[in-house]
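Here is a friendly briefing to read alongside the sequence and the coordinates.

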Amino acid sequence: MGTMLLPDLGMEILIPACAVIGIAFSLFQWFLVSKVHVSADKTHHHSSVGGGDDKNGFAESLIEEEEGINDHNVVQKCGEIQSAISEGATSFLFTMYQYVGVFMVAFAILIFVFLGSVEGFSTKNQPCTYDSTKTCKPALATAVFSTVSFLLGAVTSVISGFLGMKIATYANARTTLEARKGVGKAFIVAFRSGAVMGFLLAANGLLVLFITILLFKMYYGEDWEGLFEAITGYGLGGSSMALFGRVGGGIYTKAADVGADLVGKVERNIPEDDPRNPAVIADNVGDNVGDIAGMGSDLFGSYAESSCAALVVASISSFGVNHELTAMLYPLLVSSVGILVCLLTTLFATDFFEVKDVKEIEPALKKQLIISTALMTVGIAIVSWVALPTTFTIFNFGVQKEVQSWQLFLCVGVGLWAGLIIGFVTEYYTSNAYSPVQDVADSCRTGAATNVIFGLALGYKSVIIPIFAIAISIFVSFSFAAMYGIAVAALGMLSTIATGLAIDAYGPISDNAGGIAEMAGMSHRIRERTDALDAAGNTTAAIGKGFAIGSAALVSLALFGAFVSRAAISTVDVLTPKVFIGLLVGAMLPYWFSAMTMKSVGSAALKMVEEVRRQFNTIPGLMEGTAKPDYATCVKISTDASIKEMIPPGALVMLTPLIVGILFGVETLSGVLAGSLVSGVQIAISASNTGGAWDNAKKYIEAGASEHARTLGPKGSDAHKAAVIGDTVGDPLKDTSGPSLNILIKLMAVESLVFAPFFATHGGLLFKLF
């Protein structure tokens with residue numbers, strides 16, 4: 001078999017060390033961001049330290065600007081707007097977590113009861129599933145430990161989302177204030193804040209998973225199969241929280257956004273983030289709860305699940321059978337090295353090179369992706385060389401398949417590079433620097449209808465290359481290392497998650513910064529700088545969604561493989577009616593789910609539009625700017641609507657595997673999982689890219705940076721109004737339905753895996769009757 005160079009002790013030190021370095025680095029970045037002062041205390045001169053103790057418990061002072069405009073009122077206003085956004089976001093998340101907490105407890109009880117009942121709650125050891133000569137821990141133990149790991153995953157996911165949101169609301173006004181010194185300074189603040197979230201999330205996820213494995217190992221001892229099966233609850237917990245975060249946050253942000261746009265921009269012809277618009281605070285809150293908290297939980301879920309899928313398959317391969325701990329935890333080592341690689345990469349954006357001009361923003365963010373991918377390739381090669389035996393066997397549907405360590409390196413590498421390709425294709429289709437978005441902008445000349453037609457066509461076309469990239473990486477990784485190969489390919493795609501999240505969180509922070517600049521009445525020049533940051537952020541957000549969707553496809557396929565081997569299905573035959581009906585129903589689910597989420601945004605936006613119109617019509621002096629709008633009512637409408645509307649789509653995803661597994665059995669369920677994976681990925685990519693393209697087509701016309709763009713504009717022209725309508729239609733596609741779909745794909749697969757022993761023993765009640 002060949003021995004590994006890295007001893008177990010080395011691995012046990014390396015993984016937590018990398019996680020701690022990641023956390024320390026994120027705290028250091030946060031400290032640097034906190035040096036930009038936002039003070040709401042205008043009695044002090046700018047040189048002295050202000051005593052204004054703001055929301056985050058900091059005694060803060062004013063900054064000295066280079067432009068010499070020491071306008072205390074502007075800084076004070078920025079501070080006030082920031083705290084309003086922070087309060088709105090915090091109160092929404094707390095409300096949501098109360099509802100989700102109830103669900104968490106109920107679902108934890110369900111896991112315990114279902115898994116405990118597999119062996120009739122007996123406490124006796126039983127023969128192992130894959131090797132009947134050995135005895136394993138009772139099913140009751142799996143039930144208890146799966147429930148614990150489910151709760152741990154859920155809590156880690158909630159904390160990840162919440163911390164990300166806190167950082168973003170802390171950094172938005174700071175980015176606005178730094179924009180007074182130039183675009184480069186503002187870029188660094190926004191990017192550093194994104195990095196805080198990226199590193200905290202990657203390191204937290206890794207550390208909690210590693211500690212959980214070590215603690216569970218004390219009980220399970222030599223029974224690794226049972227141990228890693230119990231760990232799968234961690235992925236389920238992470239993703240089930242992400243589902244509600246994504247759907248709830250997505251409905252919140254888009255209800256406010258659509259409401260603000262339709263009344264403000266189209267009817268009243270006022271700028272995007274005009275302080276007279278009552279929905280404007282709710283819109284900015286939404287960016288944080290949807291794009292930051294939701295995205296954070298989502299990618300954490302992907303990371304947790306791909307690790308779990310790889311560990312389950314490895315536990316029944318030679319790593320698990322021969323108790324090779326270092327090789328067994330290879331997926332965690334890949335993620336550990338990823339943190340170090342991303343740390344180096346981040347320095348390229350903040351310290352080694354400086355962004356001096358608007359044109360350099362997008363290339364700087366793109367370089368992050370290229371540098372991290374190139375460095376990570378080297379990192380994976382080193383990890384594969386030191387942590388894996390030269391040859392080993394991987395469990396492949398009942399047989400053990402021999403694999404070389406270099407083949408596993410290629411599996412991770414192919415996932416990593418497929419992620420980069422998906423990122424660049426997404427960028428090509430959603431950035432207004434390229435012809436696809438410019439064509440969509442051009443189609444606005446003839447009205448909203450042609451804009452919508454062109455945008456939809458663009459979205460459908462943008463699916464082609466990502467699907468080929470996913471297909472090739474699946475073929476290569478499966479040929480080399482069966483289902484384990486696919487699981488580590490997904491991990492490869494997610495190995496640079498810290499950088500991906502930093503780039504992703506940068507977008508909403510810049511978006512908020514622009515909103516604050518507009519609301520605080522800052523000069524046109526500052527607004528131009530924040531707009532440039534935001535336009536780049538739009539594209540990077542689309543790249544982030546591309547990553548999330550691509551990794552979700554690989555993750556759910558790996559989970560599907562783990563489910564099939566766990567449920568002891570030797571082959572999934574599409575031609576049997578049991579499986580085929582599952583395929584059809586599975587392929588329909590993403591449409592049903594999208595219909596629910598789109599309609600939810602529509603009905604929530606309807607209430608918002610009515611409220612904004614009511615305020616414009618009934619509050620005297622609102623349009624003139626002499627009276628203040630009632631922001632709180634709009635925030636409340638968004639909160640109530642999203643909490644209420646997130647429950648049905650969530651229930652659809654969580655209950656489907658349970659109902660299908662219990663009534664129709666594991667074969668039909670395998671069909672449902674395959675069907676939802678195949679159709680979900682396509683809809684998710686096209687929805688995200690269509691929405692992103694419409695948004696940037698509108699920005700292209702508004703910015704008027706090229707001769708072509710100036711012929712379409714300015715703001716308020718017919719072409720611009722058509723672009724705003726396209727953007728409004730695209731909002732729920734790109735921020736609610738598209739990104740939530742990748743959770744649907746993963747969550748159903750990981751839930752099926754957790755409940756596989758129960759379905760295999762007691763499932764298929766309807767077929768047993770006939």
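Lys 545 and Asp 735 form a salt bridge, with their closest N and O atoms 2.8 Å apart. Lys 545 belongs to helix 16 and Asp 735 to helix 21, so this pair ties together parts that are 190 residues apart in sequence. Please keep in mind that the model is predicted.

- Lys 545 counts as buried because its relative accessibility is 7%, which is under the 20% cut-off.
- Asp 735 is buried too, with a relative accessible area of 4%.

**Other salt bridges**
- Across the whole structure, a search finds 29 salt bridges.
- One of them joins the side chains of Lys 254 and Asp 731, at 3.5 Å from N to O.
- Because Lys 254 sits in helix 5 (residues 224-267) and Asp 731 in helix 21 (residues 718-762), that pair ties together parts 477 residues apart in sequence.
- Lys 254 and Asp 731 are both buried.
- Lys 578 and Glu 667 also meet through their side chains in a salt bridge, again given as 3.5 Å from N to O.
- Here the link runs from helix 17 (residues 577-618), which holds Lys 578, to helix 19, which holds Glu 667, so parts 89 residues apart in sequence are tied together.
- Lys 578 is partly exposed, at 33% relative accessible area, and Glu 667 counts as partly exposed at 35%.
- Salt bridges with shared partners build one network, whose members include Lys 254, Asp 257, Asp 534, Lys 545, Asp 731 and Asp 735.

**The largest pocket**
- The largest pocket holds about 1000 Å³ of space.
- It is lined by 31 residues, and those closest to its centre are Glu 528, Asp 531, Ala 532, Ala 535 and Ala 703.
- By class, the lining has eleven nonpolar, six polar and 14 charged residues.
- Helix 10 (361-387), helix 15 (497-519), helix 16 (524-566) and helix 19 (666-703) each contribute at least two residues to this lining.
- Helix 16 gives the most, with nine residues.

**A closer look at Thr 426**
- Thr 426 is part of helix 11, which covers residues 405-430.
- With a relative accessible area of 2%, Thr 426 is buried.
- Its side chain reaches the backbone oxygen of Ile 422 at 2.6 Å.
- Leaving aside residues up to four places away in sequence, Thr 426 touches Ala 542, Ile 543, Gly 546 and Asn 689.

Technical notes. Residues numbered from 1 in each chain as written. Predicted model: local features only at pLDDT ≥ 70, side-chain atom pairs only at ≥ 80, totals over all residues. Heavy atoms only, no water. 1 Å grid on protein atoms, 1.4 Å probe; cavity = no way out; pocket = protein on both sides within 12 Å on 5 of 7 lines; lining within 4 Å. Points joined across faces, edges and corners; volume = space filled by probe spheres on them. Helix = DSSP H or I, 4+ residues; strand = E, 2+ residues; numbered from the N terminus. Nonpolar A, V, L, I, M, F, W, Y, C, P; charged D, E, K, R; others polar. Buried < 20%, exposed > 50% of the residue type's maximum accessible area, 1.4 Å probe, protein only. Polar contact = N/O pair within 3.5 Å; in protein donor to acceptor, adjacent residues only side chain to side chain. Contact = heavy atoms within 4.5 Å. Salt bridge = Lys/Arg side-chain N within 4 Å of Asp/Glu carboxyl O.
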